[in-house]
Amino acid sequence: MMPLPIRALLLALACTLLAACGGGSDAGPARGVAAPAFEAMGLDGGVRRFPEDFADKPVIIDFWADWCRYCANSMTRIDRAWREHAASGLSVLAVNVAQDRATAAAFIERLGVGYSAVLDPGARITRDYGVKGLPMTIFVDRNGLISGKVIGELDDRLLAIQLDRILPETR
């Protein structure tokens with residue numbers, strides 16, 4: 001466990017990074033446009049390339065951190081949906097915002113989620129997606145286009161609405 005002063009400093013840094021993530025009230029890519037491409041190191045040490053590694057699959061991209069009060073609930077809901085719709089090709093990519101591998105891995109392990117998680121230590125991906133607060137969840141269809149975005153905790157109703165957009169043939 002990290003000493004409290006270092007943890008507080010990292011929290012302040014992460015908040016500053018999020019505050020600096022762009023201009024307008026709804027920055028980032030709009031619905032109907034291609035989701036920005038990125039490459040990131042996975043918690044397992046492997047590199048994930050989006051969209052290449054997720055071609056022709058509907059994808060949930062979830063931005064999170066262990067200090068985020070609402071991230072755990074959203075992530076466990078996403079995990080249930082991912083397991084339920086795995087046969088339809090649904091993929092999840094959880095993007096940890098500005099935390100080290102050990103902290104992110106401990107949180108994922110504690111939650112018991114099974115989907116892929118990557119690190120965004122410099123918050124470049126976070127900025128490209130216009131993240132203004134955590135959690136933020138982006139829904140990408142099979143064509144790589146953004147079909148929806150939820151800022152804040154994802155509840156079952158919002159998740160179902162977004163899944164209907166990216167998995168219409170299975171719902």
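Predicted model: local features only at pLDDT ≥ 70, side-chain atom pairs only at ≥ 80, totals over all residues.
Residues are numbered from 1 along each chain as its sequence is written, and side-chain values use heavy atoms, with hydrogens and water left out.

**Exercise 1.** Classify the ring pair of F38 and F50, and state where each residue lies.

*Solution.* 
Step 1. A pair of aromatic rings is described by the distance of the centres and the angle of the planes. Rings of Phe, Tyr and Trp (its six-membered ring) pair if their centres lie within 6.5 Å; planes under 30 degrees apart count as stacked, over 60 as edge-to-face and the rest as tilted. The count by this rule is six aromatic pairs.
Step 2. For F38 and F50, the centres are 5.4 Å apart and the planes stand at 20°, so the pair is stacked.
Step 3. F38 belongs to strand β1 (residues 38-41) and F50 to strand β2 (residues 47-50), so the pair ties together parts that are 12 residues apart in sequence. Strands (E, at least two residues) and helices (H or I, at least four) are DSSP runs, numbered from the N terminus.
Step 4. The C-alpha atoms of F38 and F50 are separated by 5.3 Å.

**Exercise 2.** Classify the ring pair of F38 and Y129, and decide whether each residue is buried or exposed.

*Solution.* 
Step 1. The ring centres of F38 and Y129 are 6.0 Å apart and the planes are at 80°, so the pair is edge-to-face.
Step 2. This pair links distant parts of the chain, 91 residues apart: F38 is in strand β1, and Y129 is in the loop between α4 (124-128) and β6.
Step 3. Buried means under 20% relative accessible area, exposed over 50%, and partly exposed in between (1.4 Å probe, protein chains only). F38 has 5% and is therefore buried; Y129 has 1% and is therefore buried.
Step 4. One aromatic cluster is formed by F38, F50, F54, F63 and Y129.

**Exercise 3.** Identify the buried residues of helix α5 and the elements against which they pack.

*Solution.* 
Step 1. In α5 (residues 156-166), the buried residues are L159, Q162, L163 and I166.
Step 2. These residues cover an arc of only 105° around the axis, which puts them on the same side of α5. The arc is that of the directions from the helix axis to the C-beta atoms.
Step 3. The buried residues of α5 pack against β3 (59-64), α2 (71-84), β6 (136-140) and β7 (146-151).

Conventions. Contact = heavy atoms within 4.5 Å.
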